[in-house]
Amino acid sequence: MSHEKFGFSAVKPRFIEYDKNDRTLFYLLRRREPSISICFSCGSCSATCPANAQTPFSFSRIMLYIRRGEKVQIAREINKCMMCGKCRLACPKGVNTRNIILITRDFLQKRTP
Amino acid sequence: MNYHPFVLPFTIGLYGLILVLTFLFARWMISMPKEEKRKLRRYVFSFRIFGIIGEVIMEVLLHRRIFRKNALLGYMHMSIAFGWFLLIVGGTVESKMHSHHAFNEPWIPIFYKYFVHNSDDFRYAETFAFIMDFLLLVVLSGVGLALYKRIRSRIFGMKKTTRQLLPDKVAIGALWLIFPLRLAAESITSALYGNGGFLTGSLGEVISAAVSHEMLAQVELNLWWAYSIALFTFFALLPFTRYMHIPTEAFHIALRKAGLKPQKSGDGMTRFQTHSCSRCGVCIDSCQLNAHLKRSQMLPVSYFFGERTHQPDNKQVYDCLMCGKCTVACPVGLDINTVRQNRRSLMSGVNGGEYSYLPAINKEKQTQVLYFAGCMTHLNPAIKKSMENLLNAAGVNWFFLDKEETICCGRPMKLSGKTGDAEKLMKWNREKIMSYHPEILVTSCPICYKTFAEDYNLPIKVMHHSQYLRILIETGKLKPRKTGQTFSYHDPCDLGRLSGEYEDPRFVVRSVGSITLIKETREKALCCGSSLAHFHGSDLDRVILAEEALKVLCQGNPDKLVTACPLCLKAFNGVSEIPVADIATVVEEALE
């Protein structure tokens, strides 16, 4: 891109409109997988993730997106998961990560066929 | 005289039932996929048909599987089912031989005693009277046991049993009434005409001495009516109750013997399977989630009921360890895991997996043995290190696949129901593995082993590390010494029950020490509770399941608990008081 040649670029506006964000997914997850609430974003899941070894993919970041209700970002990221379950065992709090990912994927795919 | 109006309920019920069943079975057969139909055709029009017939006789009539479960339960079921079958066959032969006609009215064998009073001209009359009375006695003993089972199911080897729905209760009432009514009706007819065998005849003598003949003549007809109506009630309710398993099971066993499997949710074979479930409840005792966590939705009895009547809900499908214990326990031999897996594929069918980030495979290498540790092994690095040391000590020409980037084998994804995404991962892995041109692929994880062996169609030998270690020990490349320790070996579900590998890990452990005897082992082994198929388990659930499994595993006071699965190792490590180790670590420690 052209701006990269100069080594700098204009920063895009970075703000999150919580009022406009749709938090239905978070509420659904909280109902169907209550362990989502005990995540304290330590990042153990991302550290052990085999997908994260290949590409920037972080489950803790997805959790953040889910809480904020940023569906576009979730949809962009979540399909990279391989469901291997390492994060489930690495999690010190016992968050049922695989179920969260499964529910999220099915939720997003049902909304946008 | 070969007709009386009381035969009508029986005849209408019988023909109605045959019509309904023909319609249902034809619909299910038609809805089967084309390849399955072709497979069936190839099987039926060959000599292998005799194998099918033999299997059907052994299973449907003699119920080998129930006898294996519990002898008394087997006798109870066989005396009613096989006894009744023989009563029908015996009655048919008797009536045909007596009348010297190959064809007679369909109700004659059932109500034979009412229509044939005088059989002096029939040479085998006494023999048949004895046989039929004996069979009736056998069936009545079964009905007696069935009644007793309602009070005390424990002596039949069942701690828990199912609750009956109203149609089931009516049907079972009718079934239980059929035989005492037959006994009563035949006895009274015998009291009037003296045509009974040792049972109905002697009962008839007693009755005719006590009651006047006019009264008996009135009661007799009413009893034959009641017998016919009980038969009608049973036939009419059969398609809506658990007794649907009687006709369906015969077909299901034949189809299973022909190698047919449920391919997708709702197909013909799945229908045959779900309707073959007799809701006996034998699976309840085998389920760990029910025994230790008091959950009951996912039990095969209730799940199959959901599968049969309406859409099963999420918890019935996903709250399951898929350990396969119920499949082993099931006396009908239903493929519960496959049906549930197909349902998962249907419920979570959209596959949007995006794995374009996986690096391209271009390096070509040559190695004899390729070692794939697997995701779970990486969480227990001790296994990986032991395997490295063992393979080096044995002087094997090997390569550690995970030195370069590796990904998940795809089975966890498959278990979630996203078969298409799992295929994508498998395709990449297949290419990656084959780019090394190995002869043997060794993996440390039974989950990977199962999927490599079953889903990948690799042209090379796939081995779990316990199998490979056995070969290394047998060929003398590894020489572990006996340490004199006692081990308790835990069969991982994916290696044992689901892949049928019990001997090789035991051989490896025995080459180091001795194995303690425990009650629930091999195909009855308990699951560690951390199964990747289980989507509704909290950490507490896992701890409880692991603790309960440990109680069983530590029955013989072993020095060490050995397992062949990194996931089981992880599950037991947290809760065990005695040390837990992988089979590779144990061998490495014992090397000279």
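Predicted model: local features only at pLDDT ≥ 70, side-chain atom pairs only at ≥ 80, totals over all residues.
Colleague: Which strands of chain B make up the open sheet, and in what order?

Modeller: Four strands, in the order β2-β1-β3-β4, with parallel pairing.

Colleague: Why are β2 and β4 of chain B called edge strands?

Modeller: Each of them, β2 at 398-400 and β4 at 461-464, pairs on one side only. From one strand to the next, the twist averages 25°.

Colleague: What lies across β3 and β4 of chain B?

Modeller: That's helix α24 of chain B, residues 465-474, and it runs at about 95° to β4(B).

Colleague: Now helix α5 of chain B: how do you know that its span agrees with its number of residues?

Modeller: Helix α5 covers residues 71-99, which is 29 residues, and at 1.5 Å a residue it should span 42 Å. The C-alpha atoms at its ends are 40 Å apart, so the two values agree. There is still a kink in α5(B), about 30° and centred on M78(B).

Colleague: What comes after α5(B)?

Modeller: H100(B) follows, with a positive phi, near 60°.

Colleague: Which residues of α5(B) are buried, and what covers them?

Modeller: Among the buried ones are L73(B), M76(B), I80(B), L87(B) and H98(B). Their cover includes α4 (64-69), α6 (112-115) and α7 (125-151) of chain B.

Colleague: Why does K315(B) count as partly exposed?

Modeller: K315(B) has 15 C-beta neighbours inside 10 Å. Buried needs 20 or more and exposed means 12 or fewer, so with 15 K315(B) falls in between and counts as partly exposed. You'll find K315(B) in helix α16 of chain B, residues 314-318.

Colleague: What does K315(B) touch, leaving out residues up to four places away in sequence?

Modeller: Q297(B), M298(B) and H536(B). As for L495(B), K315(B) is 180 residues from it in sequence and 26 Å away in space, C-alpha to C-alpha.

Colleague: And how many residues does each chain bring to the contact?

Modeller: Chain B gives 23 residues and chain A gives 20. On the side of chain B that touches chain A, 13 residues are nonpolar, six polar and four charged.

Conventions
Residues numbered from 1 in each chain as written. Chains lettered and ligands numbered in written order. Contact = placed C-beta atoms within 7 Å. Nonpolar A, V, L, I, M, F, W, Y, C, P; charged D, E, K, R; others polar. Pairing = 2+ DSSP bridges. Helix = DSSP H or I, 4+ residues; strand = E, 2+ residues; numbered from the N terminus. Axes fitted to C-alpha atoms, helices over the stretch in contact; angles between N-to-C directions. Expected span 1.5 Å × (residues − 1). Bend = angle between axes of the 7 residues up to and from the residue.
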